[in-house]
Amino acid sequence: MNAVFAEASTIQDRADAQQDDIAVVLFGTGVVGGAWLRLLNTPAGARLRLVGAANSRWQTTDPARLADRRVRDNLDRGGDCRDDAALLAALDASDASIKVIIDATASDVLAAAHAEWLARGYHVVTANKAAAGGALEGWNALADGRERGRTCYGDAATVGAGLPVISTVRRLRACGDELLNLEGVFSGSLSWLFSRYDGTAPFSELLRHARELGYSEPDPRADLSGQDVARKLLILARSAGFDLEPGDIEVENLVPETLRGLSVEEFLQHADALDAVFAERYVTAASRGQRLRYLAQLDRDGAARVGLRAVSEEHPANGLRGTDNLFAFTTARYRAQPLVIQGPGAGAEVTAQALLGDVLALS
């Protein structure tokens, strides 16, 4: 019996030894990237080798600096001048069988390089929506890059901050199910704002509070414009098989024309221009027993829209609290009652976990 156990142990040891190592270059050491670096120092990140890290100005490929738990703080103080080619060279020099680029930024420039990186044989894992949620040409380029490089594109963190949303859409489609309707609240910041807004305090006051708490972007117009929600809806629609362009989505911008061209400081000073409009819409909805929610909607014909809606008490989004997101899928097989995914739709830790999960799935 002992010999059997010994043989089983030997087999397991060989399997463990044969597990692929994963080399990683991290672009972006901000809030999400910093959270990912903390996960790297847990047992879940034990098989990952960080061979390069960069913020918008500085980078390092020095093993000693990368091994320091304070690598993010160290980069904030300086390092080598940013040189993306040097970071990729460090990845090439690694003997790891799996080479991964993590994009934890919101940079359009970096997003434009995703397809090329895939074609060159690097796996790409990202929270950056600009490539998958931009022009259809860019979406198709990602598919072409994956095919040419025989690589994977990890995009779970682009929608729902790590909730199993994109994977669910792809699984339903792979199983031959037909999407009849998709509806939900895709923005953690807008979810918080409209679940808290009850007309007793000015909307502008709540907006400034959300910014102070870090629930909104530094420029809250990035949330209020609806463009972030539209990008997420575009990614889900394309994952479901709809070849939509950004212009195919009807977007309600909650920022008045007069406030769109101002600096952030000027916008915040004049944000009380929002108050009367939202107060009127709230009163109208409340008089009908409804609540305001910023919803994304997609129907079976590919018609897509995002905007502020008044929802009934029975609507799944009515009971949302905090920064929760909600995704309700009505399909040919989930017709009587939609398949609902709900949970935190914002937060550095859950977004970083989604990035880590996509990296680990490569092995």
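How far apart are the closest N and O atoms in the salt bridge that Asp228 forms with Lys232?

Modeller: The closest N and O atoms of Asp228 and Lys232 are 3.2 Å apart. A salt bridge here is a side-chain nitrogen of Lys or Arg within 4 Å of a carboxyl oxygen of Asp or Glu. This is a predicted model, in which local features need pLDDT of at least 70 and side-chain atom pairs count only at pLDDT 80 or more, while totals for chains, interfaces and linings use all residues. Residues are numbered from 1 along each chain as its sequence is written, and side-chain values use heavy atoms, with hydrogens and water left out.

Asp228 also meets Lys129 in a salt bridge, with 3.2 Å from N to O. In general, side chains of opposite charge can pair when their charged atoms come close.

To place these residues, consider the domains, whose bounds come from an automatic or database domain assignment. Domain 1 comprises 2–161 + 349–361, and domain 2 comprises 165–345. Their centres, taken over C-alpha atoms, are separated by 30 Å. Contact, meaning heavy atoms within 4.5 Å, joins 15 residues of domain 1 to 19 residues of domain 2. The area buried between the two domains is about 1400 Å², and carbon and sulfur atoms give 62% of that area. Buried area is the accessible area (1.4 Å probe) that two parts lose on being put together, summed over both.

Between domain 1 and domain 2 there are 2 salt bridges. On the side of domain 1 that touches domain 2, 8 residues are nonpolar, 4 polar and 3 charged. In this classification Ala, Val, Leu, Ile, Met, Phe, Trp, Tyr, Cys and Pro count as nonpolar, Asp, Glu, Lys and Arg as charged, and the others, Gly among them, as polar.

The whole structure holds 15 salt bridges. One of them links Asp68 and Arg70, whose closest N and O atoms are 3.1 Å apart. Asp68 has 22% relative accessibility and counts as partly exposed; this class lies between buried (under 20% relative accessible area) and exposed (over 50%), computed with a 1.4 Å probe on protein chains only.
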